[in-house]
Amino acid sequence: MTNPDPTATASDLPDPRVSRNATRHLAWIAPFVAIGIAVGLVYSSLPAEGTPIVLRAIDGSGIEPDSTQIKFHGVPVGIVRDLELDEDLNHVLIHAVLQEPAATAARKGTRFWIVRPEISLSGVEGLDTVVSGPYITFRPGDGPPQKHFDVLASRPPPHSEEPGLQLILRAPRAGSARAGTTIFYRDIAIGEVYATELASTGQYVKLRTHIEPPYVDIIRDNSVFWEISTLDFRVNVLRARLTLDSLRGLFTGGIAMATPQPPGDPVITGAEFAILEEPDDGEWITWSPELRIGAHPTGSDSNEPD
């Protein structure tokens, strides 16, 4: 390599050559990079579309596309996208999507139902839907994948293998009892009625009930149940009395129960009890046996009652 002449002047040196190719290339690339970033941000802000399902219902009132949610344990896991009538005009087809991980519930055996506000003597069910509108919920199944489901008319009964205890209460008439009616022990809710039906002979009404797992040990073979649904006035010359249970039953309905001292033997799923007349002078309410709350988390291994 030839060393430069130290005596050369600036005018003797060659003109510098400036290349604009690199700058020109960057100028073209920058807008595409910006567009790509913007598209990525917009895409990431959109909810995942999820797994499409079709729900067939008798009534679609209150169900709104892109508004009505599918919830599980109170958490939104999907949304309704469209509604249409089926070919025979007898059903509403609800097109919805389930997002991950709830999309795994799109399988045979999963049962869907619509939660709407219902007001009766048994209380208010679905109170949160008064403001937000109806929503759809489900109980997961364990069968093969499936995309079409029939919507149940009401919440399904618990599985026989679910924790807790399932009892049958016999009553001369249903009264105010219905699905959702609460069962109380010492004014604490311990379970509820999930179905009412006539006995096969038509002689009485069956109330199918579910007792929550922590309270299974409260139920013994000598426990008593009574309905708290009517106004109880006891009038004599000196006083008129309105009982607390009757006042509660006037507005909310319910079934109360008590267990004597000493308590009887534990019962299993399928046990039956008669609903008796209300307690006389609070005798049953004063019973105070020592029972273990939460002692039997699974209740019984018996099958679901017939």
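Predicted model: local features only at pLDDT ≥ 70, side-chain atom pairs only at ≥ 80, totals over all residues.
Let me begin with a definition: helices (H or I, at least four residues) and strands (E, at least two) are DSSP runs, numbered from the N terminus. By that rule R208 lies in strand β13, which covers residues 205-211. Residues are numbered from 1 along each chain as its sequence is written, and side-chain values use heavy atoms, with hydrogens and water left out.

Let us stay with R208 for a moment. Is R208 buried or exposed? R208 counts as buried because its relative accessible area is 9%, and buried means under 20%, exposed over 50%, and partly exposed in between, for a 1.4 Å probe and protein chains only. Its side chain makes a polar contact, at 3.1 Å, with the side chain of E197; such a contact is a pair of N or O atoms within 3.5 Å, where, within protein, one must be able to donate a hydrogen and the other to accept it, and residues adjacent in sequence count only if both atoms are side-chain atoms. The C-alpha atoms of R208 and Y194 are separated by 5.8 Å, although these residues are 14 apart along the chain.

Now to the barrel. Two strands pair if DSSP finds at least two bridges between them, and here a closed barrel of 7 strands, with mixed pairing, runs β1-β4-β3-β2-β8-β5-β9. Within it, β3 (residues 75-85) and β4 (residues 92-98) pair in the antiparallel sense over 7 bridges, and V80 stands opposite A96 in β4.

Which strands pair with β5? Strand β5 is joined by 5 bridges to β8 (residues 135-139), and these two run antiparallel, with V115 opposite Y135 in β8. With β9 (residues 148-152), β5 pairs in the parallel sense over 2 bridges, and there W113 stands opposite L152. Strand β5 itself, residues 111-115, is mostly covered, since 4 of its 5 residues are buried.

Finally, a loop residue. T68 is found between β1 (51-57) and β2 (69-72), and T68 counts as buried because its relative accessibility is 4%. A polar atom of the T68 side chain lies 2.7 Å from the backbone nitrogen of E64.
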